[in-house]
Amino acid sequence: MGELVFFDVETTMPTGIESRCWMLEFGAILVCPRKLVEIGSYCTLIRPADLSVVPPHRLSGITREAVSSAPPFEDVADQIYKIMNGRVWVGHNIRRFDCVRLKEAFADIGRPSPEPIGMIDSLNVLSQGFGRRAGDLKMATLASYFKIGPQKHRSIDDARMNLEVIKHCATVLFLESSLPNVLSNNNNIGMVTRSKASTTLSCRQEIRRKSPPTCTAVSHRTSPYNTRSLGKVVEKAKDAIRGARGSRTLNTLVRHSRYLLR
């Protein structure tokens, strides 16, 4: 059985008409497919040819100063090829983003890219099996849903988080399949269809699929009752209370209410 390699790359954000995302960090963990435990790892910062594409400040800590002393991709290509080639690749939105960046980096140095023996894109798998019960399908949202912790946007940390998210999702789906009439999630609203998932997105859009949005929409709960009818009910209740004022039944109700609220 082939080993799983969970991997993630961190890149620059394209600006203006620039559509290229330059790799700044690569991280991968080797995982035993039978026990789902980490058995090896590799992570490195990568210095792009043009340091000006790297912002001087970045929340994840991958700054221009941090990558200025990092090795260029050519110096770490052998190690990346060794850990990736001939294994099952696993990651979140890797088909459209991380795999593309990896091929671009190897093409830049005139070398063939490593090839997987299989691929599991957790974004595609979870969109069909787990759905949007956690909200959207960004890694940060899923991690928050399962109380795993905040996404750090560092390659090795995100790869490990991806493994934990898959474990949690798989457990939920396994339990639901064991008792479908009791635990099954019947709310299929928001499920991502295959046709929608195959839409071509830009490099910037693919990055946003992996990262949380900058702001969230505020949802307002709507009342299931007719507000006009509810108002009439309230008025009738007030009239009934005024008519019963001083009666033994009302006094008993008030005493019990005070007792329960203590």
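## Terms and basis of the model

The bend at a residue is the angle between two axes, one fitted to the seven residues ending there and the other to the seven starting there. Helices (H or I, at least four residues) and strands (E, at least two) are DSSP runs, numbered from the N terminus.

This is a predicted model, in which local features need pLDDT of at least 70 and side-chain atom pairs count only at pLDDT 80 or more, while totals for chains, interfaces and linings use all residues. Residues are numbered from 1 along each chain as its sequence is written, and side-chain values use heavy atoms, with hydrogens and water left out.

## The chain as a whole

The protein chain contains eleven helices and five strands. Of its 262 residues, 35% count as buried, where buried means under 20% relative accessible area, exposed over 50%, and partly exposed in between (1.4 Å probe, protein chains only). The accessible surface of the protein chain comes to about 16300 Å², and 55% of this belongs to carbon and sulfur atoms; such areas come from the Shrake-Rupley method with a 1.4 Å probe, and for residues only the protein chains shown count as cover.

Among the contacts in the protein chain (heavy atoms within 4.5 Å) with a separation of 6 or more, 66% are between residues 24 or more positions apart.

## Helix α3 and its kink

Helix α3 covers residues 94-108, and its 15 residues should span 21 Å at 1.5 Å a residue, which agrees with the 19 Å between its end C-alpha atoms. The expected span is 1.5 Å times one less than the number of residues. Where is the kink in α3 centred? The kink, of about 25°, is centred on V100.

Several residues of α3 are buried, including I94, F97, D98 and C99, and R101, L102, A105 and F106 are buried as well. After α3 comes G110, which has a positive phi near 70°.

## Strand β4 and its partners

In strand β4 (residues 88-91), V88 and V90 point one way and W89 and G91 the other way, and all of these residues are buried. Two strands pair if DSSP finds at least two bridges between them. Strands β1 and β4 run parallel and are joined by three bridges, with L4 standing opposite V88 of β4.

Four bridges join β4 to strand β5 (residues 118-121), and these strands also run parallel; here G118 in β5 is the bridge partner of V88. The chain passes from β4 through α3 to β5 in a right-handed β-α-β crossover, a term used if, with the strands pointing away from the viewer, the path from the first strand over the helix to the second runs clockwise.

## Three buried residues

E10 lies in strand β1 (residues 4-11). Is E10 buried or exposed? E10 is buried, because its relative accessible area is 9%.

C169, in helix α6 (residues 155-178), counts as buried at 1% relative accessibility. Beyond its neighbours within four places in sequence, C169 is in contact with L126, F130 and F146, and C169 is 9.0 Å from L142, C-alpha to C-alpha, although 27 residues separate them in sequence.

V76 belongs to helix α2 (residues 73-84) and is buried, with a relative accessible area of 6%. Leaving aside neighbours within four places, V76 is in contact with Y42, T44, I46 and P71; V76 and T44 are 32 residues apart in sequence and 8.0 Å apart in space, C-alpha to C-alpha.
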